[in-house]
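Work through the exercises below with the sequence and the model in view. Try each task before reading its solution.

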Amino acid sequence: MASTSKFLLLLIISIFLISLSQVSSSSSSEAGIEAQAHQPQVVKGPNRRFLGFVDCGSLCAVRCGKHSRPNVCTRACGTCCQRCNCVPPGTHGNREQCGSCYTDMLTHGNRPKCP
């Protein structure tokens, strides 16, 4: 009876240690996945740039600050920022710095969408 209880205790401890090692290895792999998700990605092509987190709200507020219709400008800028992950610097011009995604987007009336 004593040897059976020792065997059961040893079995329970070994199962606990195995499960503990699996939990620690899965949490380290999740941390690695999260670290990779926050690193910027390089886009290959004519306009190489980093695609990381872009704060569209504040960048569009600066971009549309001097616009005659700031609400319309901010809405269009936010859409373009979310799709292209870029907002050109300044309040006017410089659209080519965001690449073809930003410059080629048109409205239904075939006018440039992005401010």
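**Exercise 1: helix 3**

In helix 3, the buried residues are C73, A76, C77, G78, C80, C81 and C84; buried means under 20% relative accessible area with a 1.4 Å probe, protein chains only. Helices are DSSP runs of H or I with at least four residues, numbered from the N terminus. This is a predicted model, in which local features need pLDDT of at least 70, side-chain atom pairs count only at pLDDT 80 or more, and totals for chains, interfaces and linings use all residues. Residues are numbered from 1 along each chain as its sequence is written, and side-chain values use heavy atoms, without hydrogens and water.

Solution: 
1. Just after the helix, N85 takes a positive phi of about 60°.

**Exercise 2: helix 2**

Task: find which residues of helix 2 (residues 56-63) are buried, and what they pack against.

Solution: 
1. C56, C60 and R63 are the buried residues.
2. Seen down the helix axis, these residues fall within an arc of 55°, so they line one face of helix 2; the arc is that of the directions from the axis to the C-beta atoms.
3. They pack against helix 3 and helix 4 (100-103), where contact means heavy atoms within 4.5 Å.

Note on methods
Buried < 20%, exposed > 50% of the residue type's maximum accessible area, 1.4 Å probe, protein only. Helix = DSSP H or I, 4+ residues; strand = E, 2+ residues; numbered from the N terminus.
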